[in-house]
Amino acid sequence: MRTIYVAGPMSAPTGNGRLRNSEHGMDVGYALMQLGWAPHIPHVMELFTRYIEGEGYNNLIGNYEFWMALDFEWIRRCDAFFYMSTSPGADRELELAKSLGKVIYYYLSDVPDMMGGMDYGLSNVQSEAGV
């Protein structure tokens with residue numbers, strides 16, 4: 001399976017805003033899975049940060065550059081890059097993807113279907129977000 005990084009807004013002034021951004025990223029990731037891709041969805045890390053925050057591991061929560069470095073490493077490892085929309089972090093990630101010569105997609109309709117005739121049980125499932 002080919003890998004694809006999902007870039008889009010994550011930060012928000014409120015926890016509910018971050019959760020909405022995370023849900024949108026997961027919707028896009030799910031749509032990419034339906035096309036046969038193995039997406040890396042950094043938005044899922046919102047759940048992880050809530051967990052480590054609850055456990056008292058706060059030393060990484062506010063370290064924005066640490067999280068960006070983590071994302072940059074995943075971008076280097078992925079085959080392609082999907083850009084959802086602008087944000088300070090997503091724009092930095094896009095610049096890295098361009099500098100690495102990654103294949104970049106801006107619209108789900110442009111992402112090739114990699115299923116290759118295989119049906120992993122996702123073909124009849126629709127994304128609730130309609131992406």
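The chain exposes about 7,600 Å², and carbon and sulfur atoms supply 55% of that area. Accessible areas come from the Shrake-Rupley method with a 1.4 Å probe; for residues, only the protein chains shown count as cover. This is a predicted model: local features need pLDDT of at least 70, side-chain atom pairs count only at pLDDT 80 or more, and totals for chains, interfaces and linings use all residues. Residues are numbered from 1 along each chain as its sequence is written, and side-chain values use heavy atoms, with hydrogens and water left out.

**Overall layout**

- The chain has 4 helices and 4 strands. Both are DSSP runs, numbered from the N terminus: helices are H or I with at least four residues, strands are E with at least two.
- Along the sequence, the pattern reads β-α-β-α-α-β-α-β.
- Of the 131 residues in the chain, 38% are buried. Buried means under 20% relative accessible area, exposed means over 50%, and partly exposed lies in between (1.4 Å probe, protein chains only).

**Confidence**

- Mean pLDDT for the chain is 86, and 82% of residues reach 70 or more. pLDDT is the predictor's confidence in each residue, from 0 to 100.
- Residues 125–131 stay under 50 in pLDDT. The model has 12 contacts beyond four places in sequence for this stretch.

**Strands**

- S1 runs parallel to strand S2 (residues 38–40), joined by 3 bridges. Two strands pair if DSSP finds at least two bridges between them.
- In that pairing, Thr3 stands opposite Ala38 of S2.
- S1 also runs parallel to S3, with 4 bridges between them. Here Val6 stands opposite Phe82 of S3.
- S3 pairs with S4 as well, in the parallel sense, over 3 bridges. Phe82 has Tyr105 as its bridge partner in S4.
- Side chains of S3 point two ways: Ala80 and Phe82 go one way, Phe81 and Tyr83 the other. All four of these residues are buried.

**Helix H1**

- H1 spans residues 15–34, 20 residues in total. From first C-alpha to last it reaches 29 Å, close to the 28 Å expected at 1.5 Å a residue. The expected span is 1.5 Å times one less than the number of residues.
- Its buried residues include Gly17, Asn21, Gly25, Val28 and Leu32.
- Leu19 is found in H1. Leu19 is partly exposed, with a relative accessible area of 28%.
- The C-alpha atoms of Leu19 and Val44 are separated by 9.5 Å, although the two residues are 25 residues apart along the chain.
- Gly36 follows H1 and has a positive phi, near 90°.

**Helix H3**

- H3 runs over residues 64–77 and has 14 residues. The helix reaches 20 Å from first C-alpha to last, close to the 20 Å expected at 1.5 Å a residue.
- Trp67, Met68, Asp71, Phe72 and Ile75 are the buried residues of H3. They cover an arc of only 145° around the axis, which puts them on the same side of H3. The arc is that of the directions from the helix axis to the C-beta atoms.

**Helix H4**

- H4 (residues 88–99) has 12 residues and reaches 17 Å between its first and last C-alpha, close to the 16 Å expected at 1.5 Å a residue.
- Its buried residues are Gly89, Ala90, Glu93, Leu94, Leu96 and Ala97. Seen down the axis, they fall within an arc of 165°, so they line one face of H4.
- The cover over these buried residues includes S1, H3, strand S3 (80–83) and strand S4 (103–105).
- Exposed Pro88 and Ser99 sit on the face of H4 turned away from its buried side.
- Arg92 lies in H4. At 32% relative accessibility, Arg92 counts as partly exposed.
- Beyond four places in sequence, Arg92 touches Tyr64, Glu65, Met68 and Phe72. Its C-alpha is separated by 8.7 Å from that of Met68, 24 residues apart along the chain.
- Just after H4, Gly101 takes a positive phi of about 75°.

Terms used:
Contact = heavy atoms within 4.5 Å.
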